[in-house]
Amino acid sequence: MADKQVVLITGCSFGLGTNIAMEYANDPRKCYKVWAAVRVDDDSELIKKMAGNLLDDTLFVCSIDLTVKNSIESTVDMILKTDGKIDILVNNAVCTFFSPFETLDIDSGRKVMEINLFGHARLIHLLIPGMKERRHGRIISIGSIGAVGYNGIFNEYFSGSKCALESLTTDLNAQLRPYNVWLSVLHPRAVRTERPMKVFESRDYQDHVRLTEKVDEVTNKMFQERLDQLANAFKPECQAQDPEETAKIIKDITEKEEPFAVYQSDQIGVYVASKFCKDTTGEALVKHVRSTLEHTY
């Protein structure tokens, strides 16, 4: 396994994470060893089933609770002791509460930030020293077009966490590119997986929906309209993206010699992003930050 690139992917219990893990594990070159992270061991049934004969060959399952510091550290330590390195990190795990803001307590927002931002920041923090020492590393985070201002209504904590993660990526790029460590964010469109329905059907989500009865009529009407829009966005007739296609895009980005800071998953995404950003690649901002350190570069 010494010549293989070691990949750690979070959020592999279901949804896009399973497809990302399989995209790397199925590579015909057998050049990747994949660690597919689930939150708890009981969440591993689907990814193990999908892996089939690849399980414990090119794909291995581990558990990471991104809200628990010791869980993150112990899993990274286990992988480093086993393989000696982690070459690629895919920050895919996500948490969201789609609801009128006034129905959410601060603990809900804290949970979203803990998983979407701080949990992934802890992973990056742990992996940077080894990547710098080896002068090689690729880190890609699944972002959101909401991070650049596109319709994050009723999903404010989620959009805020993704915006913060994108800012983190920009600044770290300026610091780490001299070590051949490159960070990217992908803005996918709606991806056609079972994850959205699992979110909508979860007890936490249903509890928040019931709380909308406490908001005023206008807010509740706006929320229900937006909820319908979101549910429809994942239907095939609305051109929701195939998860295998999205997973291939992610892998392709990590294989580039000099990947951009920001990507969109298709031309529709580029078009939408261009309405809010003059530079849809994020490179202009990275170059600006680097220019402030011109004596170092």
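The following legends describe close-up views of a predicted model. Local features require pLDDT of at least 70 and side-chain atom pairs count only at pLDDT 80 or more, whereas totals for chains, interfaces and linings use all residues. Residues are numbered from 1 along each chain as its sequence is written, and side-chain values use heavy atoms, with hydrogens and water left out.

**View 1. The largest nonpolar core, with Leu8 and Leu123.** A nonpolar core is a set of buried Ala, Val, Leu, Ile, Met, Phe, Trp, Tyr and Cys residues joined through side-chain atoms within 4.5 Å; buried denotes under 20% relative accessible area, exposed over 50%, and partly exposed in between (1.4 Å probe, protein chains only). Of the 30 residues in this core, Leu8 and Leu123 touch the most other members. Two or more residues each are given by strands S1 (5–9), S2 (32–38), S3 (59–63) and S6 (181–187) and by helices H3 (69–83), H4 (106–134) and H5 (156–176). Helix H4 provides the largest share, seven residues. Helices (H or I, at least four residues) and strands (E, at least two) are DSSP runs, numbered from the N terminus.

**View 2. Surroundings of Leu8.** Contact means heavy atoms within 4.5 Å. Residues up to four places away in sequence not being counted, Leu8 touches Trp35, Ala37, Cys62, Ile64, Ile79, Ile86, Ile88, Leu89, Val90 and Leu123. Another core, of 28 residues, lies apart from the largest one and includes Cys12, Ala21, Val34 and Leu54.

**View 3. Helix H10 (residues 267–274) and its buried residues.** Gly269, Val272 and Ala273 are the buried residues of H10. Seen down the helix axis, these residues fall within an arc of 100 degrees, so they line one face of H10; the arc is that of the directions from the helix axis to the C-beta atoms. They pack against strand S7 (262–264). The face turned away from the buried side carries the exposed residues Gln267 and Tyr271.

**View 4. Thr281 in the loop between H10 and helix H11 (283–291).** Thr281 is buried, with a relative accessible area of 19%. Neighbours within four places in sequence aside, Thr281 is in contact with Phe260, Ala261 and Val262.
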